[in-house]
Amino acid sequence: MDLLDEGKGLINECLRIHPLNLCKKYTQSKKLTEFNAAVQREFQIYMPLLNARINGEILWEMKELREEFKELIHSGQLNGGALQSGLGASGNLAVPEAPDFIVGSEVKASLSKLKGRLLEEGMSVIVVTALGGCGKTALLKKLCHDVDIEGKFNNNMMFVPVSEKPNLTDIVQKMIQHKGFAVPVIETEDDAVRNLQQLLNKIGQSPVLLVLDDVWTESQSILDKLVFKKIKDYKIVVTSRYEFPAYRPVHHLKPLTHGEALELFRRSVTVDDSSMDAPDDELLDQIVKRCKGLPLALTVVAKSLKGKDRSFWHSKLLEWSEGHFLLDSEFDILDGLKRRFNDLDGDPSIKERFMDLGSFPEDCEIPATALIDMWVELYKLDFDGVHAITDLHELVCRNLADLLVTRRDSSDDDDKSYSSHCAMQHDLLRELAIMECNQGEVEKRERLILDLTGNNFPDWWSEQKPQPLSARLVSISTDGTFSTLWPNLELPEAEALVLNFKTNKQIKTCVLPEFVAKTDKLKALIVTNYSHFPVELDNFQVIRSNLRRIRLERITVPLLSMGNLCLHSLQKISFYMCDISQASTLNGTKISDAMPNLLELNIDYCEDLMTLPDGICQIKPLRKLSITNCNNFSTLPEQIGQLASLEVLRNLRKVVCEKEIAIMWGPLKNSLNSLEIKVPEEEANFDWPRD
């Protein structure tokens, strides 16, 4: 029986292998062959039957492997098409990790009912609806990791976070990339629908499951375009705080009963420490009642009390009893979370960092490097951001954010760059952060966080003579329909500016506001384009010399053209998935004159970069030069040895060059101990590792 269970396990592993994981397929087929030999030794009587079955599995695996090789070769994906698309890792729609446990008879019944519907054949849309924080997303994660669901849908499951302002083009491009195909440029929603239909026709011979998580009521038109009734076994599951009348069946997820809430709370708050003075059942019962059966509230409160003694619990209950903690509406959920937020052990710095996370769009990964740049300048932290990352980890420990590693790069650990780390903030917690930021009169707020829809501005901003604002952190996010000039803003105290752009086929440029030129205290500028491909950034000349840090993502800005700017205070500049190698139209400009005090230059996933401008080598203070995941980069300037202050040079491991060039590398050998310099007998070249 153990041997048969082992065989079943091997087959299930085969079913879960990603279509592009060719190495895993080969390894698994070898395991199946070895299993076949073991069966031959142990069960001679059943040899004919077992031999036919196992060999059939091996032949099926090898046949599929050959077909996928043909498809990859035909589509050009074997040459790194995912990176060539310019999307990086953003197309990953794999189902997130399932929760360790679930509680509640209704939740378990929901799992069983939804599982039955997904195992039925045919096309259908299933809506799972409930109040925010009831555990809709957790339920779907658990469901998608069910062995029978994985067995049916295999690698045709896609989990898409939708949020408030979805973009059909963005969703379709991510689906195409997730399935390993080259990502096309999609300019209209009609193009997106056609490309989606082509994708479903390719993969729809097998069952397809599309999970749309956190769909807002305004997004029904997008949901309609994702439905294709002619695909024979195509399931769409929608989680939403809203019910969509046009779609049935609708599954309502209710809050937990008091007994179920107690079970979830106990599991979340328990610490394996017999020395802790544990609270009694009555105290625990009173606290759980205030959570109103809401899983989000239960887990957040439990983690805030975890490891605390009974006296601490009593003090919190006494404070909460002075007013409502959680009621039946979403506003009261936020209000309850606010009370928990206000009790962060008297640590005002963590409150500040938590509110700062609201500067980035909903359901978007927040690069740790962007937080470092912002926090170092706002709070006068160490240059490398060690304290900033410590604060981020503190937020994660307090369940106010999640920390993700988007890719594993060994050099990240070497120099603590955290370029592959991202933070995520639950949408309810983001709303709480923005609520906190919006307290008081707008002129006196320390943070100004604006989410613009179309060309609609707040009334106070549209006034003829706006009042000076006191905000030190300013964040402005636009959607794909923004197309007007920026009204004036008076920001005399602003030290960090975060601009989050989205563009469309009509608007392919981002424009820096003119008021940036008057922000004399501005130290950090973070500009992110959340569309798929880089767009031009106009009006760059408004940037002033007071800036110390600049981070650009998916932006087209020729590096050489920056030589015309005056950035004498700039210490760090980062380009992520940008186009930076276009020829400059400026003559006689030197980048070393524009930023003579630069200490750190980071270039990541910039596919058009082939070589560095010679002027980089004339920036004498430069300590860190990081060039990663730039697949077309092949040549360093011959003057690289002039960078006597250089301490970190990522990802260069080995240089093969002529003797004359090797001499120029001499000054760097003392600070770059891991660098190997080799002089060959004949032709010289650079040997670069590829990520």
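**View 1. Packing of helices H11 and H12.** Helix H11 (residues 258–269) packs against helix H12 (residues 281–289) at an angle of about 110°, and their axes lie 10 Å apart. Helices (H or I, at least four residues) and strands (E, at least two) are DSSP runs, numbered from the N terminus, while axes are lines fitted to C-alpha atoms, for helices over the stretch in contact, with angles running from 0 to 180 degrees between N-to-C directions. H11 and H12 are therefore roughly perpendicular to each other, where angles under 35 degrees count as roughly parallel, over 145 as roughly antiparallel, 65 to 115 as roughly perpendicular and the rest as oblique. From H11, His-258, Ala-261, Leu-262, Phe-265 and Arg-266 meet Asp-281, Leu-284, Asp-285, Ile-287, Val-288 and Lys-289 of H12, contact meaning heavy atoms within 4.5 Å. The residues of this contact of H11 with H12 comprise 6 nonpolar, 1 polar and 4 charged (Ala, Val, Leu, Ile, Met, Phe, Trp, Tyr, Cys and Pro count as nonpolar, Asp, Glu, Lys and Arg as charged, and the others, Gly among them, as polar).

The model is predicted, so local features need pLDDT of at least 70 and side-chain atom pairs count only at pLDDT 80 or more, whereas totals for chains, interfaces and linings use all residues. Residues are numbered from 1 along each chain as its sequence is written, and side-chain values use heavy atoms, with hydrogens and water left out.

**View 2. Packing of helices H5 and H6.** Helix H5 (residues 105–119) and helix H6 (residues 136–144) pack at an angle of about 55°, with 10 Å between their axes, which makes H5 oblique to H6. Val-107, Ser-110, Leu-111, Leu-114, Lys-115 and Leu-118 of H5 make the contact with Leu-139, Lys-142 and Leu-143 of H6. The residues of this contact of H5 with H6 divide into 6 nonpolar, 1 polar and 2 charged.

**View 3. Two nonpolar cores.** The largest nonpolar core has 66 residues, of which Ile-476, Leu-552, Met-562 and Phe-575 touch the most other members; such a core is a set of buried Ala, Val, Leu, Ile, Met, Phe, Trp, Tyr and Cys residues joined through side-chain atoms within 4.5 Å. Strand E11 (residues 496–501) gives the most to this core, with 3 residues. Leaving aside neighbours within four places in sequence, Leu-552 is in contact with Val-527, Leu-537, Phe-540, Val-557, Ser-574, Phe-575, Tyr-576 and Cys-578. A second, separate core of 42 residues includes Val-128, Leu-284, Ile-287 and Trp-313.

View 4. Asp-214, in strand E3 (residues 208–215), is buried, with a relative accessible area of 13% (buried means under 20% relative accessible area, exposed over 50%, partly exposed in between, with a 1.4 Å probe and protein chains only). Apart from neighbours within four places in sequence, Asp-214 is in contact with Val-162, Ser-163, Thr-239, Arg-241, Glu-362, Asp-363 and Asp-427.

View 5. Most residues other than glycine have a negative phi, and most peptide bonds are trans. Arg-248 and Pro-249 are joined by a cis peptide bond with omega of about 5°, and Pro-249 is found in the loop between strand E4 (234–240) and strand E5 (250–252). Asn-154, in the loop between helix H7 (147–153) and strand E2 (157–163), has a positive phi near 50° and counts as partly exposed at 25% relative accessibility. Asn-539, in the loop between strand E14 (535–538) and strand E15 (549–553), has a positive phi near 65° and is buried, with a relative accessible area of 14%.
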